[in-house]
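Good morning. Please have a look at the chain before I start; I will go through a few of its details, then the overall fold.

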Amino acid sequence: VTGASFVVFNGALKTSSGFLAKSSIVEDGLMVQITRETMESLRQALRDKKDFKITCGKMDAGDVKEYVDICWVENEEKTNEG
């Protein structure tokens, strides 16, 4: 689990790169590089206020362990304390 001050979603990742998505820590935030198709799905999920999961790593990796989860919560006060 990584806490971040901001998140940047970059929809310019090419499918030919061999990655499903890539995430990296940038300063005190998180940059997530995703494909154009994933960006369209993410935008729709945000409009619909639906949770969304981005799987990061190489396409051919059998045991992918890195995810970026966007979750809507009922009570924001408890989530952001501290």
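Glu27 is exposed, with a relative accessible area of 74%. The term has cut-offs: buried means under 20% relative accessible area, exposed means over 50%, and partly exposed is in between, with a 1.4 Å probe and protein chains only as cover. Glu27 sits in the loop between S2 and strand S3 (29–33). Helices here are DSSP runs of H or I with at least four residues, strands are runs of E with at least two, and both are numbered from the N terminus.

Lys49 is another case, with a positive phi near 55 degrees in a residue other than glycine. Lys49 lies in the loop between H1 and S4, and Lys49 is exposed at a relative accessible area of 59%.

A word on the source. This is a predicted model, in which local features need pLDDT of at least 70 and side-chain atom pairs count only at pLDDT 80 or more, while totals for chains, interfaces and linings use all residues. Residues are numbered from 1 along each chain as its sequence is written, and side-chain values use heavy atoms, with hydrogens and water left out.

Now the fold. The protein has 2 helices and 5 strands, and from the N terminus on the elements run β-β-β-α-β-β-α. In what order do the 5 strands stand in the sheet? The order is S1-S3-S2-S4-S5, in an open sheet with mixed pairing. S1 and strand S5 (66–70) are the edge strands, each pairing on one side only. Two strands pair if DSSP finds at least two bridges between them. On average, neighbouring strands of this sheet are turned by 35 degrees against each other, direction ignored. Such axes are lines fitted to C-alpha atoms, for helices over the stretch in contact, and angles run from 0 to 180 degrees between N-to-C directions.

Strand S4 (residues 52–58) is joined to S5 by 5 bridges, and the two run antiparallel. Phe52 stands opposite Ile70 in S5. Helix H1 (residues 36–47) packs on the sheet and touches S1, S4 and S5, its direction making about 160 degrees with that of S4. Contact means heavy atoms within 4.5 Å. Strand S2 (residues 19–26) also runs antiparallel to S4, with 2 bridges joining them. Ala21 has Gly57 in S4 as its bridge partner.

Last, burial and contacts. Of the 82 residues in the protein, 21% are buried. Among contacts with a separation of 6 or more, 39% are between residues 24 or more positions apart.

Phe6 lies in the segment before strand S1 (7–10). Is Phe6 buried or partly exposed? Phe6 counts as partly exposed, because its relative accessibility is 32%.

That is the end of my part.
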